[in-house]
Amino acid sequence: MAELEKYRNIGIFAHVDAGKTTTTERILKLTGKIHKTGEVHDGEATTDFMEQEAERGITIQSAATSCEWNGHRLNIIDTPGHVDFTIEVYRSLKVLDGGVGVFCGSGGVEPQSETNWRYANESEVARVIFVNKLDRIGADFYRVVKQVEDVLGANPLVMVLPIGIEDEFTGIVDLLTRKAWVWDDSGQPENYKIEEPPADMADLVEEWREKLIETAVEQDDDLMEAYLEGEEPSIEDLKRCIRKGTIALDFFPTYCGSAFKNKGIQPVLDAVVDYLPNPTEVKPQPETDEEGNETGEFAIVDPDRPLRALAFKIMDDRFGALTFIRIYSGRLKKGDTVLNTYTGKTERIGRIVEMHADERIELTSAQAGDIVAIVGMKNVQTGHTLCDPNSPATLEPMVFPEPVISMAVAPKDKGAAEKLGIALSKMIQEDPSFRVETDQDSGETILKGMGELHLDIKIDILKRTHGVEVEVGKPQVAYRESITRRVEDSYTHKKQTGGSGQFAKIDYVIEPGEPGSGFEFESTVTGGNVPREFWPAVQKGFEKSLEKGVLAGYPCLDFKVTLVDGGYHPVDSSAVAYELAAAAAYRQTMPKAGPQLMEPIMKVDVYCPEDNVGDVIGDLNRRRGMIKSQEPGATSVHVRAECPLSEMFGYIGDLRTMTSGRGQFSMEFSHYLPCPKNVAEEVIKEAIERDKK
């Protein structure tokens, strides 16, 4: 077993097409893990092993692999860039100690990079930055560095400068050593020479080196004092300061290169080893109680402490279910019995494997700091904690976003119905942002997800991986309802059925809440007219009811209920009576409170050639979009807008037509807004038709 100081658990994340998977391929080649690099555009990348990934040239699920560099063990997770699969990035970041943020040299900081960066900030993950594709037309390293500062609000610490740009890009200058790494045209990563930097770059190198040293020595008062007195710190001291500042998230060492041309990858690997934290240098994971509140205990990374591991991904492949876990403390051996604190059940560990994309290497044991997969666990889901049965604890769980789009599916024949149920239950375990519900009235199976592409891929997986043919309905929007008026009202629930009856009287106020506030409940009852022990029952009655709005049956958002008074009977009043009273009060009062339909508004980022900007903006306006800004980039114009989800179905096809295939877009959920009257009437009409069926 390697010592923990030699471990680096890192993720590679970025916007679609910035070159994450290509970078991962190069790292695997350089570390001797693979002998032939597979290309994404040929559908042969090692970590893109799903058929759907190979075909579309995108990464859909995060893949895990391990390799060695300079005596250190790197556990690498290649994550997807597409916004519909952000969940994969989020859960990978949760179990990583460090990351490599890849940015495209010409595209710069793109919307998905912003989302991933925000997730990484929330998870407090230290990162190095790699500006890729410097061989492309329109690439500009210095512009991307500026964007990292302006758009992400981050502090990039420039470690290398590019030699040449676009077709002329030949290598980099390492600012610490003032040496140039120059690669030849063979495309082989090991074919480089270390030489003196080009003479015409001397001033530039000194200018950026000075910035580097000034930022680094801020981490050490003694070094800073010596530097101000004219004494230059040694490279060892500088590296120590850079490591300290990187782990503290004060700055992010920034590198550049071209992964596809095999230039500039070795310095990034060195940086991972030199500057990113090992598992013991990261804030330990907090432990929580059953309600999810922190207990003040932490899972300290130490093989000799009791076992604490988090299941962060479930994958089903031809060999059975795989549960990916990150071990925070303790050891895990074949045959051990572990406790799942979520289910309260114990499970026996059968096989432990180390994954290399979809190949597996059998292990007999694993320890704190490792990321491994366990074969054949039955009841473990993403976010569950596995621990020592004699020392139970729960790690902070993961929170997943709510789906915004749904689609009805039906099996094409009777035989497929059972297969569909089995396939869907496996798919839900694999992807927590994918939900499946059965419509109580129509009996239809409803799939819910993060976007059109997300559900498209799910339908594709059903057909190919599970061999289930389904009929697909058109996508549905996850509307919500809310209210616009304050109403004071009263309701009395009475029932007499021989023996003791049921009695509950409540006086209450229902009023609109702030956008995003959800449901709030408060009681201002004094004098015991509604005894305190029945207040939770009133709250529960309203909470259960808000799942079904009064207009079209969509969940109700953002309103507050205040219980102001009421009445009670010493014999007939009970919690059940008050809960029933609250449910009936909801149905009685909501129609009086000016109910309105709310629709999901998406944050849309469109990249299109300059010639097509007018068409794109005109089209977004027709879709009831609000244009927020447009910024010219090196190769395209970036249009930011907010659009209702209901108007965005099939947008990719229209955008490609308008821009001759050159336009790209991504969208993610932003907030809910009231529907215009004509749209609301249409949706309500559809809901009534649906209920009639």
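Strand E8 (residues 171–174) and strand E9 (residues 179–183) pair in the antiparallel sense through four bridges. Here strands (E, at least two residues) and helices (H or I, at least four residues) are DSSP runs numbered from the N terminus, and two strands pair if DSSP finds at least two bridges between them. The model is predicted: local features need pLDDT of at least 70, side-chain atom pairs count only at pLDDT 80 or more, and totals for chains, interfaces and linings use all residues. Residues are numbered from 1 along each chain as its sequence is written, and side-chain values use heavy atoms, with hydrogens and water left out.

Another open sheet of four strands has mixed pairing and the order E31-E32-E34-E33. Strand E31 (487–495) and strand E33 (519–523) each have a single partner strand, so one side of each lacks a neighbour in the sheet. Strands E32 (residues 502–512) and E34 (residues 559–567) run antiparallel and are joined by eight bridges, with Ile506 standing opposite Gly566 in E34.

| Helix | Strands concerned | Angle |
|---|---|---|
| H12 (residues 535–545) | lies across E32, E33 and E34 | about 155° to E33 |
| H13 (residues 575–589) | touches E31, E32 and E34 | about 40° with E32 |

Elsewhere, helix H10 (residues 414–430) packs with helix H11 (residues 452–464) at an angle of about 130°, their axes lying 11 Å apart. H10 is therefore oblique to H11; angles under 35 degrees count as roughly parallel, over 145 as roughly antiparallel, 65 to 115 as roughly perpendicular and the rest as oblique. Leu420, Ala423, Leu424 and Met427 of H10 make the contact with Lys458, Ile461 and Leu462 of H11. By class, this contact of H10 with H11 has six nonpolar, no polar and one charged residues, where Ala, Val, Leu, Ile, Met, Phe, Trp, Tyr, Cys and Pro count as nonpolar, Asp, Glu, Lys and Arg as charged, and the others, Gly among them, as polar.

Technical notes: Contact = heavy atoms within 4.5 Å. Axes fitted to C-alpha atoms, helices over the stretch in contact; angles between N-to-C directions.
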